[in-house]
Amino acid sequence: MAQSAPSAALKAQLRDRFVGQNLKHVPTPSIILDLAKLEVNCERMLDATERLGLLWRAHIKTHKTTELTRLQVGDDRTTPVSIMTSTVLEAENITPLLKEYQAAGRAVNLLFAFPLLPSAIPRLAHISSTLGPSSLSLMIDQLSQLTFATTLPHPPLLFLKIDAGYGRAGLPPTSPALFSLIDAALAAEQSGTVILHGLYCHAGHSYSARQAGEGMGFLAGEFAGLVKPAEYIREKRPARDVVLSVGATPSATSVQNLVFLDGKGEEEDGSVAEVRRLWGVLRGKGFKLEVHAGVYPTLDLQQLATHARDASLMTVDDIAVSVLAEVASVYPSRGANGTTEALIAAGTLALGREPVTDKGTPPGKDYSGWGILTPWGAARANPVPGPEFPRVHSGWQVGRISQEHGILTWHGPKDEEVPLQVGDKVQVWPNHSCVAGACYDYYLVLDSRNKGREDEVVDVWPRWRGW
C-alpha cells in the first residue's frame, strides 16, 4: 500500500526532536543534506537553462521531498513549473505543491516518467482531475499504453519514450514501431483523447563519462537521436509545438559549462559546437528544447567521476549529501599491506550498493568502493577525491559492504593512516544519492553558511516512501 504524504504534525515532531542538535548527538546512521550546497546546485541549473533558452524539467525521484522540489523549480519565481516523477506516489505527494503554484498563477505540468502502467490509471486519473487540463503528462513506448492514456478525465500530454542508447526503456529513434506509435498518437489526438506533446530520452549511459566534454557529447547524441522522429511529427502536424526533452545529470548539467565559463574551451571541444549546431537546426524547425535531470541538487561520487562540468563547477565541495555513521570496531593490520580496517554500522541499507563503474586498467585500479569518508570529525584529515578521481583515490573508503556492515579500508601507505577508534562518528559520501536515501524516513538538514554552527541541524525534511 502506498504511504501517504508526511503530515505537518510529523514534521513538527521531527523538528522539535532534532533542530538545534549537533551531528555528534544524533542517531546513526542518518542521512544529511547541506542546504547551502543544495541551493547553489539548484540555482546554477535554473540560471543556465534560462539563459540558454531551454525549457527545464526537474526530476524529484532522488530526494522525494516537497522542500527540495521548491528549490529545484525556484520557489519565488513566476516561470512554469515542470517536474517529473518515477512513481505514482511521488506524483500524488507533490500534487498539493503544484496546486499551490497554480493558485499563485504559475502554470504546472507533472510528467509520470515511467512507461504507462495500467494499474496506475485510477490514481493518475485523480491527479488529472485535481490539477486540471494540460497539467498531467504521461510517457508511452507501446501502442497498448496509448489505449490506457485515453481514459483520463482530461486529455493527457504524451511524451513518446526514445531509447538514446541506454537500453533501459523506449523505442530506437529509427524503428518502425516508433513511427507507428507516432501515427497512432496523432490519430488519438484528432479524436480529442490525448495531446502528443513531444519526445523524451534519457542518457543514463552518460554516467560512464570520465573526461571533460564527454557529458556534452552525450547531450549532442540525445538531441541528434530525436531529429528524425521530430521531423516526422512536424511533417504530419506542421502547426503544433513539439517538445524535445533530453537529459541525465551528466549530460543536462553540462550546459552549465556554456554559461558560467564565458566560452572557455569551446574552440577545443567539438561536442560544444555540435550541440550548438543541433540547437540551431531544431529551433529553426520550431521545436522546443527541454532538459531534465534529478540527482544534480545532491550530487554524489558517481557524478564527481563523470567530470561532466568544469572543475570550477563540480568538486567534492559541491556534494550536498552524506551519511553519518559510527565506528563500531577497529582491526589493526587486518587490511592490505598490514593496514587497519574498521567496521561502521552503515551497510547496504544505509549507503546503497550502486558502484561507480570501474573503467580502470587493470580492473580494480580505479575507485571501486561503496563510499568515501569526508574530511570531518575524527577523519578530518582524510584525503578527498580530486580532479583525477576515480583513477586516483586514497584514504578511508567503504571497501566492503553487507546489509548493516560497512568495512572501512585504508588506501595509501600504512604510516599515513588517519587514526579511527570505536565510537568515532564519520560522514560518508555515497556513490549514488538516489539509492542511498531510499531506506531513510527523513533528511537532517545543515547549513554550512552558519559559521561556527556548521554541524547544527536547521531543519528536517520527511521523505516519501513507497510506490
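## Terms and model

In the lining counts below, Ala, Val, Leu, Ile, Met, Phe, Trp, Tyr, Cys and Pro are taken as nonpolar, Asp, Glu, Lys and Arg as charged, and the others, Gly among them, as polar. The model is predicted.

## Second largest pocket

By that scheme, the lining of the second largest pocket holds 13 nonpolar, 6 polar and 8 charged residues. Two or more lining residues come from each of α2 (35-52), β2 (55-59), β3 (81-85), β4, β7 (195-201) and β9.

## Largest pocket

The largest pocket has a volume of about 1100 Å³. It is lined by 46 residues, with Lys61, Ser86, Arg168, His432 and Cys434 closest to its centre. The lining divides into 23 nonpolar, 14 polar and 9 charged residues.

At least two lining residues are supplied by each of α4 (88-103), β4 (108-115), β9 (288-293), α12 (301-306) and α14 (433-436). Strand β4 contributes the most, with 4 residues.

## Annotated domain

An unreviewed UniProt entry annotates residues 320-447 as "domain: D-serine dehydratase-like". Over this range the chain is 6% helix and 33% strand, and its end C-alpha atoms lie 10 Å apart.

## Strand β16

Strand β1 (residues 30-34) runs parallel to β16 and is joined to it by 3 bridges. In this pairing Ile32 stands opposite Leu444. Strand β17 (residues 459-462) runs antiparallel to β16, with 4 bridges between them. Here Val445 faces Asp459 of β17.

## Helix α3

Helix α3 covers residues 66-73 and is mostly covered, with 6 of its 8 residues buried. These are Glu67, Leu68, Thr69, Leu71, Gln72 and Val73.

At the start of the helix, a side-chain oxygen of Thr65 comes to within 3.1 Å of the backbone nitrogen of Leu68. After the helix comes Gly74, which has a positive phi, near 75°.

Terms used: Residues numbered from 1 in each chain as written. Predicted model: local features only at pLDDT ≥ 70, side-chain atom pairs only at ≥ 80, totals over all residues. Heavy atoms only, no water. UniProt positions renumbered as here; feature names shortened; annotations may be inferred. Pairing = 2+ DSSP bridges. Buried < 20%, exposed > 50% of the residue type's maximum accessible area, 1.4 Å probe, protein only. Polar contact = N/O pair within 3.5 Å; in protein donor to acceptor, adjacent residues only side chain to side chain. 1 Å grid on protein atoms, 1.4 Å probe; cavity = no way out; pocket = protein on both sides within 12 Å on 5 of 7 lines; lining within 4 Å. Points joined across faces, edges and corners; volume = space filled by probe spheres on them.
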